[in-house]
Amino acid sequence: MKNDPLLQPYKIKHLEFKNRLMVSAHEPSYAEEGMPKDRYRLYQVERAKGGIGLTMTAGSAVVSPDSPPAYNNLHAYKDEIVPWLKKITNECHDYGTKVMIQITHLGRRTSWNHSDWLPILSSSPIREPAHRSFPKEAEDWDIDRIIKDYGDAAQKMKEAGMDGIEIEAYGHLLDSFWSPATNKRQDEFGGSIENRISFSLKVIDSIRKSVGSDFIVGIRMVADEDWKIGLTKEEGIKIAKRIIATNKIDFLNIIKGHIDTDPALTKVIPIQGMPSAPHLDFAGEIKQKTKFPIFHAAKINDVATARHAVASGKLDMVGMTRAHIADPYIVKKIIENKEDTIRPCVGATYCLDRIYEGKETLCIHNAATGREQYMPHEITSKAKKIKKIVVVGAGPAGLEAARVCAERGHNIVVFEASNSAGGQINLICKSNRRKDMIGIIDWRLEICKKLNVKIIYNCLASSENILSEKPDVIIIATGGVPNTAILEQGSDLVSSTWDIISGNVGIQDDVILYDDNGSYPGLQAAEIIANKGSKLEIISPERFFSPEVGGMNYVPYAKNFIEKNVKITISKRIKGIKKRDNRLVLTINSDYSDKIETKEISQVIVEHGTIPVDDLYFNLKKNSFNQGAVDYKSLINQKFKEIIKNSKGSYYLYRVGDAISSRNIHSAIYDSLRICKDI
Ligand SMILES: Cc1cc2nc3c(=O)[nH]c(=O)nc-3n(C[C@H](O)[C@H](O)[C@H](O)COP(=O)(O)O)c2cc1C
Ligand code: SF4
């Protein structure tokens with residue numbers, strides 16, 4: 001263990017990192033009025049507790065008010081941020097973790113229509129497709145102002161006791177000057193590479209003047225935009241060398257690719273089903289060519305790859321960012337020889353897709369992330385009284401309940417109707433691209449096994465066999481079944497997306513998939529149909545297509561649908577279906593118009609979420625203490641209390657996950673964690 005390359009210290013100037021693992025900058029969107037208050041701090045401190053060598057806080061803390069926070073970013077230009085950051089820094093330092101912050105001007109990668117309503121700017125007035133705002137061309141007075149803003153912000157970060165800063169230069173303002181794709185200027189900031197980087201060099205000068213020569217200043221920079229019209233690798237390397245030659249920068253954090261569209265972004269931050277560590281060799285090449293301290297993060301999700309990155313000399317500091325969103329205790333587990341207990345990052349990118357929708361970062365299967373104030377990442381407090389707990393269903397909600405209750409020291413039996421655990425996750429894993437999702441189940445099964453949880457498979461639980469266990473608590477996690485009976489007429493003529501995904505129903509030559517859910521099952525079934533070569537139209541009543549699927553996760557589906565000529569129709573509803581010979585005749589209308597049309601087709605698939613499998617719950621309700629009731633007040637105050645509604649009851653009864661209503665994996669897991677941590 002002592003010789004583990006990941007656990008070796010690394011020094012830049014005076015600053016020693018205790019190991020080679022870092023979390024790269026990522027904006028979790030926990031700020032309150034631009035300030036990193038308790039939620040933000042506790043999130044960072046949890047990673048420090050877990051042993052990380054460096055936490056690069058914030059993601060793009062903004063240096064100027066005309067860089068409106070796109071993801072609830074921190075306001076690095078405000079004086080009142082200093083004490084908040086100081087608190088984070090001090091508390092992380094208590095665990096030996098070094099703390100830096102990424103600062104930026106977002107340029108065109110934001111929107112003008114909030115915060116101070118200032119116009120946004122870029123090197124040239126070219127719209128970024130992802131944020132859809134039209135920037136103005138930065139004028140001389142903007143450039144002077146922003147150069148000063150960088151220096152002032154850096155000074156504040158130093159005042160907050162931080163160990164250093166990182167300047168962001170990929171997809172934001174600085175590199176919009178570097179890239180031929182975005183810089184069309186005719187003045188001294190356009191044209192030659194020297195001209196295009198002169199603004200950045202002035203920014204670096206301004207920062208150095210503010211913070212002096214000792215403070216650590218790095219740059220997270222694109223060194224190859226991997227784009228026909230963008231910055232080439234040769235130019236990127238030239239820029240890197242030119243920046244190093246200033247002697248004012250202490251490390252490079254290497255990025256490959258461009259981020260102006262969702263598909264491009266997924267190449268920089270790969271999602272599920274994309275190769276691991278795709279840019280590690282590239283970062284290594286920059287290391288080799290510059291011999292300079294190199295940091296890098298891009299889907300290095302497992303410890304073995306991270307170890308290789310350092311051992312092979314490609315990187316000095318390895319970012320495992322989403323991996324630490326899923327499990328903040330990676331370093332601690334490496335040190336304690338418990339690598340096999342690391343909660344795996346399954347690459348779902350729920351964390352990142354959420355911030356692009358204006359929500360905060362949450363992990364698909366760690367409901368404690370971002371809720372450190374109340375939710376434990378590790379269940380360490382044992383229950384005062386050991387209880388017998390029966391869990392019905394071994395999907396994500398049921399297994400989370402079993403895991404948490406078992407960690408509390410209770411005695412657990414799980415009944416599962418099928419011959420394996422996983423529930424709906426088994427359907428998701430039918431997609432090759434999403435097979436890593438099984439990690440959500442396997443991680444829990446492994447813990448349950450260690451804690452002697454008894455799982456009885458092939459057992460359709462009845463009240464009798466549940467009660468024969470003499471349970472103190474019963475948790476119903478029976479999930480749901482597809483809800484296809486939603487048409488005014490002819491619901492019996494349709495199949496469900498689950499029928500298609502599981503392969504239970506054959507696929508015909510021309511198919512309509514009616515997606516009145518807008519989530520993953522519709523897209524997954526559509527992909528299977530399209531891959532088979534059938535003619536497919538997806539009809540959705542919504543204004544936008546697939547609103548429950550995040551921008552990054554939508555990318556591979558969109559690619560497939562375009563390539564397979566899938567027709568997508570929005571704002572239309574299927575009202576009814578009639579059979580005519582061997583064909584189906586659909587009546588279609590819309591919430592927006594009275595116009596009615598008909599269509600003839602061979603097969604209709606309907607997606608409308610699930611209906612709960614809840615008969616057991618209702619059968620067991622009467623004889624429970626709580627009559628199934630959950631005290632929402634204590635639940636949302638994060639200290640769940642059982643309530644008694646029937647003193648003659650024999651057990652407490654709870655329902656979790658889709659057994660209540662059709663939702664998602666995160667909510668199923670959170671249901672279980674927040675009840676079971678206090679049972
Ligand atoms: C929620 C979230 C927010 C992010 N925000 C930023 C950001 O503001 N600035 C930045 O340079 N990178 C940001 N990133 C990218 C990460 O720093 C990192 O490059 C990326 O997650 C790939 O590394 P990983 O595979 O180890 O997660 C963000 C990532 C996540 C998950
Ligand atoms: S949401 Fe998915 S990608 Fe993000 S940290 Fe959790 S497991 Fe990893």
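Q: How do the residues of the shell around ligand 1 divide into nonpolar, polar and charged?
A: Keep in mind that this is a predicted model. Around ligand 1 there are 22 residues, and the closest are Ser-24, Ala-25, Arg-220, Lys-299 and Arg-322. Sort that shell by type and you get 10 nonpolar, 8 polar and 4 charged.

Q: What share of its exposed area does the protein bury when ligand 1 is in place?
A: Start with the contacts: an oxygen atom of ligand 1 is 2.8 Å from a polar side-chain atom of Ser-60, and an oxygen atom of ligand 1 is also 2.8 Å from a side-chain N or O atom of Tyr-170. On its own, ligand 1 exposes 600 Å², and the share buried by the protein is 96%.

Q: Which elements give two or more residues to the shell around ligand 1?
A: The space that ligand 1 takes up is the largest cavity. Looking at the shell around ligand 1, the elements that give two or more residues are β4 (54–62), α10 and α12.

Q: Which element supplies the largest share of the shell around ligand 2?
A: Ligand 2 has residues around it including Arg-322, Cys-345, Tyr-350 and Cys-363, and the shell divides into 9 nonpolar, 2 polar and 1 charged. Two helices, α10 (321–326) and α12 (350–356), each supply at least two of the shell residues. The largest share, 3 residues, comes from α10.

Q: How many residues apart in sequence are the parts that Glu-372 and Arg-47 tie together?
A: Searching the whole structure turns up 52 salt bridges. One of them pairs Glu-372 with Arg-47, with the closest N and O atoms 2.9 Å apart. Glu-372 sits in the loop between α12 and β13 (388–392), while Arg-47 is in helix α1 (residues 38–49), so the pair ties together parts whose separation in sequence is 325 residues.

Notes:
Residues numbered from 1 in each chain as written. Chains lettered and ligands numbered in written order. Predicted model: local features only at pLDDT ≥ 70, side-chain atom pairs only at ≥ 80, totals over all residues. Heavy atoms only, no water. Near = heavy atom within 4 Å. Helix = DSSP H or I, 4+ residues; strand = E, 2+ residues; numbered from the N terminus. Nonpolar A, V, L, I, M, F, W, Y, C, P; charged D, E, K, R; others polar. Polar contact = N/O pair within 3.5 Å; in protein donor to acceptor, adjacent residues only side chain to side chain. Areas by Shrake-Rupley, 256 points an atom, 1.4 Å probe, with all protein chains shown as cover. 1 Å grid on protein atoms, 1.4 Å probe; cavity = no way out; pocket = protein on both sides within 12 Å on 5 of 7 lines; lining within 4 Å. Sits in = over half its atoms within 2 Å of the grid points. Salt bridge = Lys/Arg side-chain N within 4 Å of Asp/Glu carboxyl O.
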